[in-house]
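Dear colleague,

Please find the structure below, with its sequence. My notes on it follow.

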Amino acid sequence: MIHQGNKVALKTLKRSRLELTRPLLLELKRLKDLHHDHLVRFYGACIEPNYCWLLTEYCPKGSLQDILENDQFKLDWMFRYSLMHDMVKGMCYLHNSELRSHGGLKSSNCVVDSRFVLKIADFGLRSLRNNHTNESNSGSDSYAYWKEFLWTAPELLRIRDPPPEGTQKGDVYSFAIIIHEIVTRQGPFYLGNVESPSPKVLRNLPTLNTGEIYAVKS
C-alpha cells in the first residue's frame, strides 16, 4: 500500500472498531514523534469499522526470524554483529523515550530494510496489539499460541495480569533470546542434540524447580 508517497505495511488489529479516547490519541502522537534509524516508522492508523489497521514503514527483507530460518541467507559473523548492534541502538532509544519499554520484543518483529539495516517494530499500543487475553481462548492448545510466550521473561509469566507494556528488564530477557537465535540460527531454546520441549511445556517451566524440569524433559 502507498501512503503519501511511501510504501507502508498494514498491521491488522483483531477488533471491529476503535474508540479514540484521549489516552489513545496521546499515544498515537507519541508514536508518530518517534524517529530513529533502528525503529520502524509509525505513520498512523485506520479506524474505519471492521478495518482497524496500523500503518508503518515497510521493510522488504522481512523479519529477522524469516532471515534466520532461511538457509539461503549466508550470515557471516560481521553481519550478525551488525544485526545485534542495530537492535541494541534501537532498544536503547526506545527505553529512553516516553514509551520506556517494548513489551513484546521477538525476532518476528525485528525487521530488515532494503539496506539490511535491522529495525524494531510493534512497539507501543500494547493494549491494542495484545491478543493473549487469557489462556482459555480457542487457540490456547495450538503450537503457535504457546510459541508466542517463548520470548517473555519468567517473572512476567508468573503474573496473572502482566502489564501490557512490559518492563525494561523483560525486554532485556527477550533481547537475550533473540541473540541466542542469531548465534545458533535454530530458534529459541535450542538445546543442541537434545530435543527441545514443546512451547507449552517451556511456557510453564518457570513454576518448576530444576529437578522437575529434567523430569519433564525425560
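This is a predicted model: local features need pLDDT of at least 70, side-chain atom pairs count only at pLDDT 80 or more; totals for chains, interfaces and linings use all residues.

Residues are numbered from 1 along each chain as its sequence is written, and side-chain values use heavy atoms, with hydrogens and water left out.

The sheet is open and antiparallel, with four strands in the order 1-2-4-3. Strands (E, at least two residues) and helices (H or I, at least four) are DSSP runs numbered from the N terminus, and two strands pair if DSSP finds at least two bridges between them. Strand 1 (2-3) and strand 3 (42-48) are at the edges with a single partner strand each, so one side of each has no neighbour in the sheet. Strand 2 (residues 6-12) pairs with strand 4 (residues 51-57) over five bridges, and L10 stands opposite L55 in strand 4.

Helix 1 (residues 22-33) contains L25. This leucine counts as partly exposed because its relative accessibility is 45%; the class lies between buried (under 20%) and exposed (over 50%), with a 1.4 Å probe and protein chains only.

S174 lies in helix 7 (residues 168-184). At 5% relative accessibility, S174 counts as buried. Beyond its neighbours within four places in sequence, S174 is in contact (heavy atoms within 4.5 Å) with L105 and W151. A polar atom of the S174 side chain lies 2.6 Å from the backbone oxygen of W151.

Yours sincerely

Methods. A polar contact is a pair of N or O atoms within 3.5 Å; within protein, one must be able to donate a hydrogen and the other to accept it, and residues adjacent in sequence count only if both atoms are side-chain atoms.
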